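This report walks through one protein model, starting with a pair of helices. Please keep the sequence and structure in view while reading.

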Amino acid sequence: PPARTPLYPVYRAYGARMVVFAGWEMPMQFTGIVAEHTAVRTRAGLFDVSHMGEIEFVGPGAFEFLQGLVTNDLTRIAPGQALYTPMTNDAGGCLDDLVIYRLEPERFLAVVNAANTAKDMAWFRDHAPPAAVTITDRSAEVALLALQGPLAEAVLQPLTRANLSGLRRFRFFVNVVAGVRCLVSTTGYTGEDGFELYTRATDAIKLWDAILEAGRAHQVLPCGLGARDTLRLEAALPLYGHELVEDITPLEAGLSAFVKLTKGPFPGWEVLRRQAEDGPPRMLCGLRLTERGGVPRQGYPVWSGDRTAGIVTSGTMSPTLREPVALAMMERGAAGSLAVDIRGRRVAAELVPLPFYRRPTVRARKS
């Protein structure tokens, strides 16, 4: 049977429509995908993302161990800071993408994709030194809520004595929120400002209810996976299983900013070094349809003239832009007349810059 998060008991009370995702029974939507998407873009929305995995690393060898497995450079973060990074296999393909929190000098927390938790744990244990680091899967103990949108701070601030306005992007603190002890971080997956709150699984419902009650005056909505996907796609944020898989490198996926080849070797380092020198053979690109004909979806071929030059990795009808958009893995240099094959019909398309959507203002604390 599918797994359930600690918030499962309250889903029905909020009108959730359920789906099975990555082995978890999760809400696809509450009031509707477009309504929830719009709430996050204009006000704020609250997501349950407790299906994500949390893996803790403790010990004098924790830093060197993680530094040797991920592509980004952990010397850039001190306690109280977090970092986004791909993790690659020996062929340079994406095993997963993580957010790593440095809790203490020798203690880290890696947040991994739900479908990859067991695989990642096996990878870590296979590569761990025998005594220098202790690796523990904390996923069952932790609930994770994400409050996202331009009014997220206004909603959350009355619930805590901590000063939220001074917290820069990818920073975190541990404090009490709504009577519940939380790790509060300025991270998220929507392209909007906001916070992610980690707490004990037993406190999840109390925190969820308190945030929605505090947000009632701001018309904050509970949000499901449907809006989470349309929001991240508009912001061109990659999703594992779509833009990130084990035969796509982070350079091909447009994540070169998170690959630090000068820091020293890690799995797949030589492959990525050669790709960086020669240029990757394919690249993740943005597409918009220039004629009516449906919505591009994962797996649809992209034609350049009379040959296929790529494949759609994610596509949707953008609620913000009100037009079909897609991310596609394209051959390098593909140009000319492009079309997406939608159920046997080639629909004209064009390359567009990424991201499709960028929030209109960026708060000073996220500089």
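## Two crossing helices

H2 and H7 cross in a right-handed manner; a crossing is right-handed if the near helix is turned clockwise from the far one by less than a right angle, left-handed if anticlockwise. The model is predicted, so local features need pLDDT of at least 70 and side-chain atom pairs count only at pLDDT 80 or more, while totals for chains, interfaces and linings use all residues. Residues are numbered from 1 along each chain as its sequence is written, and side-chain values use heavy atoms, with hydrogens and water left out.

Helices (H or I, at least four residues) and strands (E, at least two) are DSSP runs, numbered from the N terminus. H2 covers residues 33–42 and H7 covers residues 225–234. Their axes lie 8 Å apart, at an angle of about 55°. That makes the pair oblique. Axes are lines fitted to C-alpha atoms, for helices over the stretch in contact, and angles run from 0 to 180 degrees between N-to-C directions. Under 35 degrees counts as roughly parallel, over 145 as roughly antiparallel, 65 to 115 as roughly perpendicular and the rest as oblique.

Which residues of H2 and H7 meet? From H2 come Ile33, Glu36, His37, Val40 and Arg41; from H7 come Gly226, Ala227, Thr230, Leu231 and Glu234. Four residues of this contact are nonpolar, three polar and three charged. Contact means heavy atoms within 4.5 Å.

H7 is mostly covered, with nine of its ten residues buried. Buried means under 20% relative accessible area, exposed over 50%, partly exposed in between (1.4 Å probe, protein chains only). The buried residues of H7 pack against H2 and several strands, including S1 (17–21), S2 (24–29) and S3 (45–48). Just after H7, alanine 236 takes a positive phi of about 60°.

Glutamate 192 sits in the loop between strands S11 (180–185) and S12 (194–200). Its side chain makes a polar contact of 3.0 Å with that of arginine 41. Arg41 is also one of the H2 residues that meet H7. A polar contact is a pair of N or O atoms within 3.5 Å; within protein, one must be able to donate a hydrogen and the other to accept it, and residues adjacent in sequence count only if both atoms are side-chain atoms.

Glutamate 56 belongs to strand S4 (residues 53–58). The side chains of glutamate 56 and arginine 138 form a polar contact of 2.9 Å. Beyond four places in sequence, the contacts of glutamate 56 include Phe108, Leu109 and Ile135.

Leucine 147 lies in strand S9 (residues 142–148).

| Residue | Relative accessibility | Class |
|---|---|---|
| Glutamate 56 | 8% | buried |
| Glutamate 192 | 4% | buried |
| Leucine 147 | 0% | buried |
| Alanine 22 | 34% | partly exposed |
| Alanine 115 | 57% | exposed |

## Backbone details

Alanine 22 is in the loop between S1 and S2. It has a positive phi of about 50° although it is not a glycine. Phenylalanine 170, in the loop between helix H5 (152–156) and strand S10 (172–177), has a positive phi of about 60°. A cis peptide bond, with omega about 0°, joins leucine 354 and proline 355.

Technical notes: Ala, Val, Leu, Ile, Met, Phe, Trp, Tyr, Cys and Pro count as nonpolar, Asp, Glu, Lys and Arg as charged, and the others, Gly among them, as polar.
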